[in-house]
Every structure is written in C-alpha cells, then in structure tokens.
Amino acid sequence: VRAGSSLPSVPRHNVKARLGTVFGRNAVTGTFLATSGQYFRGDEANLLDPLDGYAIVNMNASRRLGSRVTVVGQVTNLFNRRYATFGVLGEADDVLGDEFGNPRFVSPGAPRGAWIGIEWRLP
C-alpha cells in the first residue's frame with residue numbers, strides 16, 4: 001500500500017451541521033450531512049475509482065398544542081438525493097452468472113421519507 005493511501009470504507013471528510021429555531025409554539029430544525037468519497041472495501045491499494053461522496057438535508061418541525069401535546073413532522077433526504085453509503089468488491093459472476101462482470105456492489109442510501117406524529121408527555 002502506498003504512503004498516503006486511504007483506508008477502504010472510511011471517507012477522509014465528514015460534515016454534519018444542524019441549525020434550528022424556535023418561534024412561539026413552533027420549532028424548525030434542518031440538518032446537513034455530507035461525506036467525501038471512499039474507496040471500496042477490497043481496494044486497499046486505492047487503485048480503482050472510489051465511491052462518490054454525497055450530501056443530504058433533513059428537516060424537522062413541531063408545533064406545541066398544549067403543555068403536554070406536540071405535533072411533530074420529519075422529512076429525511078429532503079431533495080431525494082440518490083447516493084450510496086458503502087461499497088465492496090466481489091465476484092459478481094460467481095453469484096449472478098457470467099454476464100455480470102462488474103465487481104462493485106454498493107449499499108444505496110435511504111430515499112426521501114416523511115413522518116408525522118404526536119408527542120404526548122406524561123405528568
């Protein structure tokens with residue numbers, strides 16, 4: 001392995017930022033997550049093109065209805081970014097047949113998701 005090479009599956013850079021505000025009974029929070037590219041597991045010498053980096057945005061909002069009840073909402077991957085979180089090299093033709101020659105397997109990131117709920121605090 002050459003000096004300065006990266007460990008597979010370990011990105012060199014990660015950024016995580018959160019910004020939120022409360023106004024009256026309402027609260028809004030945004031989260032930004034970004035990671036640089038990473039080499040596939042199995043490419044310890046860093047000879048192949050790495051897995052691309054990605055950035056996603058998540059949003060949370062809430063409205064307090066009373067002293068014990070709050071309505072909450074969350075959207076993950078707000079812009080529905082397609083990304084992969086992990087990559088590994090393997091023998092695709094051994095499992096899928098001779099027509100599959102690409103040794104790269106990737107784990108896709110989660111697509112956009114949305115949730116609405118109610119928080120009820122017990123006394």
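Predicted model: local features only at pLDDT ≥ 70, side-chain atom pairs only at ≥ 80, totals over all residues.
User: What order do the strands of the open sheet have?

Analyst: The order is S1-S2-S3-S4-S7, which makes an open sheet of 5 strands with antiparallel pairing.

User: Which strands stand at the edges?

Analyst: Strand S1 (14-23) and strand S7 (113-120) do. Each has a single partner strand, so one side of each has no neighbour in the sheet. From one strand to the next, the twist averages 15 degrees.

User: What do strands of a sheet pair through?

Analyst: They pair through backbone hydrogen bonds, and the pairing is either parallel or antiparallel.

User: OK, how many bridges join S3 to S4?

Analyst: There are 6 bridges between S3 and S4, and the two strands run antiparallel. As one example, Arg 63 has Val 71 in S4 as its bridge partner.

User: Thr 70 next. Where does it lie?

Analyst: Thr 70 is part of strand S4, which covers residues 69-76.

User: Is Thr 70 buried or exposed?

Analyst: Thr 70 is buried, because its relative accessibility is 5% and the cut-off for buried is under 20%.

User: And what is Thr 70 in contact with, leaving aside its neighbours within four places in sequence?

Analyst: Its contacts include Ser 62, Arg 63, Arg 64 and Leu 65. Gly 117, Ile 118, Glu 119 and Arg 121 are also among them. With Arg 121 there is a polar contact between the side chains, at 3.4 Å.

User: Changing topic. How many aromatic pairs does the count come to?

Analyst: The count is 1 aromatic pair. Tyr 54 and Tyr 83 form that pair, and it is stacked, with 4.4 Å centre to centre and 25 degrees between the planes.

User: Where in the chain are Tyr 54 and Tyr 83?

Analyst: Tyr 54 is in strand S3, while Tyr 83 is in the loop between S4 and S5. They are 29 residues apart, so the pair links distant parts of the chain.

User: Are those two, Tyr 54 and Tyr 83, buried or exposed?

Analyst: Both Tyr 54 and Tyr 83 are buried.

User: What lies over the face of Phe 40?

Analyst: Arg 104 does, at 4.8 Å from the ring centre of Phe 40.

User: Now the loops. Which phi does Asn 46 have?

Analyst: Asn 46 has a positive phi of about 60 degrees, although it is not a glycine. Asn 46 sits in the loop between strand S2 (26-35) and strand S3 (54-64).

User: Buried or exposed, that Asn 46?

Analyst: Asn 46 is buried, as its relative accessible area is 9%.

User: What does the side chain of Asn 46 reach?

Analyst: The side chain of Asn 46 reaches the backbone nitrogen of Ser 6, at 2.6 Å. Asn 46 and Leu 7 are 39 residues apart in sequence, but 8.3 Å apart in space, C-alpha to C-alpha.

User: And what about Asn 80, what is its phi?

Analyst: Asn 80 has a positive phi of about 50 degrees and is not a glycine. Asn 80 is in the loop between S4 and strand S5 (84-89). At 37% relative accessibility, Asn 80 counts as partly exposed.

Conventions:
Residues numbered from 1 in each chain as written. Heavy atoms only, no water. Helix = DSSP H or I, 4+ residues; strand = E, 2+ residues; numbered from the N terminus. Buried < 20%, exposed > 50% of the residue type's maximum accessible area, 1.4 Å probe, protein only. Polar contact = N/O pair within 3.5 Å; in protein donor to acceptor, adjacent residues only side chain to side chain. Contact = heavy atoms within 4.5 Å. Pairing = 2+ DSSP bridges. Axes fitted to C-alpha atoms, helices over the stretch in contact; angles between N-to-C directions. Phe/Tyr/Trp six-rings, centres within 6.5 Å; stacked < 30°, edge-to-face > 60°. Lys NZ or Arg CZ within 6 Å of the ring centre and 35° of its normal.
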